[in-house]
Each structure stands twice: as structure tokens, then as C-alpha cells.
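Me: Please show me the structure. I have a few questions about it.

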Amino acid sequence: MKTHNFSAGPSILPESTIKNSADAVMNFANTGLSLLEVSHRSKEFIAVMDEAQQLFKELLDIPEGYEVIFVGGGASLQFCMVPFNLMQKKSAYLHTGTWAKKAMKEAQAFGEVVEVASSADKIYNYIPKDYEVPADADYFHITTNNTIYGTEIRKDLDVNVPLVADMSSDIFSRPIDVSKYAIIYGGAQKNLAPAGVTFAIVKKDILGKVDRHIPTMLDYRTHIENGSMFNTPPVFSVYAALQTLKWVKEQGGVAAMEKMNIEKSDLLYDFIDNSKLFKAVVADKEDRSIMNVCFVMKDEYKELEKDFFDYATSQGMSGIKGHRSVGGFRASIYNAMPKSSIEALITTMKEFEAKH
Ligand SMILES: *Cc1c(COP(=O)(O)O)cnc(C)c1O
């Protein structure tokens, strides 16, 4: 029986990413060496790094004046690097979940942090809409996809201060207008690569405006000036990321990804909205994530959740338990998730409904 990987992260990757990475572990670029034992300064690996940065720019149509870097530390280190590099006195944050809250907490060490709006009152099941960003904020930070709660901001916001976005779990899921952002960052392990590498798309002229000393490794300029080779980059994860980028291109790029992601998520949300037992956690369709679909059992069927989880597991559905702060279920259906796996999940839900 096929196992369908609905895990929130680390999560499903294209088959070609896994296969090509495995091949390179045995013999990297015909060097007769394993990818795990080659120098990051070898010409073969430098070519990988260059191509990954190039494809990143091509696929997201990144304009002049921006650089793509690959670093370690996860998105969680970016929570601190962003204010370190950009915040002089004041920053503004949209509080849409646990990750946004963690990002805010780091910024508080650097000055005044304005929470422009929060959806904490309803366990983050919506995206706040009416808020004002202070004109004197050094930047405004958003989390475009709230991995845990299944909400997503799927348009590029117009704001009057530099916009910074954590796109850990929706990068490459849709076309974005990079020119509207100062920094876009994310851990790779949701839609791109195995854990270990973090990407950042940085608008260069946003840097160098703070007075404080920035530790070398936390200064974006270090990584920009050294082509992400200041120190040893996470070689394996960068290689795997390149394989995913090639796959995205083969699929038709981010516009094709978005089309498929909408089709896949519509299929699942439509089933849930018309179901007898299940209901979606996020009611407002506009706020629903096309990457993480959160659902619960309706109040009158609540006691069946454990039974459904066991049944779904027996049918090969892996990683569908909701985050402990939300409960219920979460199907993470990232780029690499085929439509057939979503159909299999729906079949499983239908079968369970038929029995109850
Ligand atoms: C997973 C996740 C993070 C944390 O990423 P790490 O790389 O583990 O630090 C941050 N933000 C979002 C939106 C996430 O989904």
C-alpha cells in the first residue's frame, strides 16, 4: 500500500529530488566522490550553488537589486537576523500565529515592536484585515502561510514601509511580486529541500542602515558578498533544493504550481465543506491556505476523531494529525503532493463517513 505523506514539515519532496540526491550521495557529478564528502569549494559544487541561485531568480522573476542567499539556522534564526539588520528603532508585525509570535519576540530585543493586529482571539483561524502600519516603522513583518493554523495571505500586500515576509511554507506555491518585498525568507524543509538550509531573498539597498554592530555570520552582507560561501554551506540541502527548483521549472514554473495547488486544495475543501462529519477550521475561503488544510470533526461527532485517525493511518495516510494547539487534522499538501494522494485521502474520509 502506498503511504501518502501529509506531514507539515519536513515534508513531501518531488520524487526526482529524492532520487537525484540519493544518486549524488553515491557519485556526485561524475567525480567518483559522494556529495557528502566533496569540498564546497570544488568547481562542481560551486556550479550547483550558482545554478540554485540563478533558478531561484528565474522562477520567482526576481528583479535587479536583490540577492538570493542560502544560510543555516532555519527560519527561526531569520526571526533574529531581520531585526538585527533592519531595525533601528521600531518595527511592525502582523500576529497571525505561533511563528509570527516567535518572530516578534526576537525583534523585541532591538526596540519597539508594534503588533498591528492579531488573530490570537480565535486561535488564529483568520487573517486580520483592518489595521494600520505605522509610517515610521523600519519594516512590517508578515507570515504569508501559517503552517499550523491553515491560513494564508495569498496576495502581495501594498504597504508604506519595507515589507518582510516569512514564506517558509508557501515559497514557490504561487507567483509573487518580489519588488513589493524587502526580504523574503524561509526554512527549506516545507516546499523545497530537506532541513538544513534557509533561503533569503534580500533587497540590497535595505541594508547598512542600522548603527549597531552586526556579528559577521548574522550580517546579510557577509553572505551576499561571499555568494553564500563565507563558511561551509549545507551542501546536501542546497543540492536537493536545486533538484526541486529544476522540477518546479519542468512543471511549468510557479504559475503552473499555483494552478495545481488551487485545484488540489479546492478538491479537499469542497469535500470537507459538503461533508457530514468534518468541517474546515478556517471558515473564510479567502483566508484558507492552499498548502495546509486544517479540519476537525463537527461537534456532534467529536468523539470519532481518534477512530478516524486510526482508520486513516491504516489506509496509508501519514502525518495528518493537527498541531496540538488546534487539534483535529491537518493535511499538508505542498507542491510535490500529487492530486492522486488528495483523492486517496478523500476516499478514506468518504469510507469513514459511510460507516458512521
Ligand atoms: C516551520 C516554520 C518555521 C520554522 O522554521 P525552522 O526552519 O524550523 O526554524 C517558521 N515559519 C514558518 C511559517 C514555518 O512553517
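Me: How far from an oxygen atom of the ligand does a polar side-chain atom of Thr147 lie?

Reply: This is a predicted model, in which local features need pLDDT of at least 70, side-chain atom pairs count only at pLDDT 80 or more, and totals for chains, interfaces and linings use all residues. Residues are numbered from 1 along each chain as its sequence is written, and side-chain values use heavy atoms, with hydrogens and water left out. A polar contact is a pair of N or O atoms within 3.5 Å. For the side chain of Thr147 and an oxygen atom of the ligand, the distance is 2.4 Å.

Me: How much of the ligand's accessible area does the protein cover?

Reply: Accessible areas come from the Shrake-Rupley method with a 1.4 Å probe. On its own the ligand has 390 Å² of such area, and the protein covers 87%.

Me: Which helix gives the most to the shell around the ligand?

Reply: A residue counts as near if one of its heavy atoms lies within 4 Å. Helices are DSSP runs (H or I, at least four residues) numbered from the N terminus. With four residues in the shell, the top contributor is the helix at residues 74-86, α3.

Me: How is α1 placed relative to α6, parallel, perpendicular or oblique?

Reply: The axes, lines fitted to C-alpha atoms over the stretch in contact, have angles from 0 to 180 degrees between N-to-C directions. Those of α1 (residues 15-26) and α6 (residues 235-250) come within 9 Å and cross at roughly 140°. Under 35 degrees counts as roughly parallel, over 145 as roughly antiparallel, 65 to 115 as roughly perpendicular and the rest as oblique, so α1 to α6 is oblique.

Methods:
A polar contact is a pair of N or O atoms within 3.5 Å; within protein, one must be able to donate a hydrogen and the other to accept it, and residues adjacent in sequence count only if both atoms are side-chain atoms. Helices (H or I, at least four residues) and strands (E, at least two) are DSSP runs, numbered from the N terminus.
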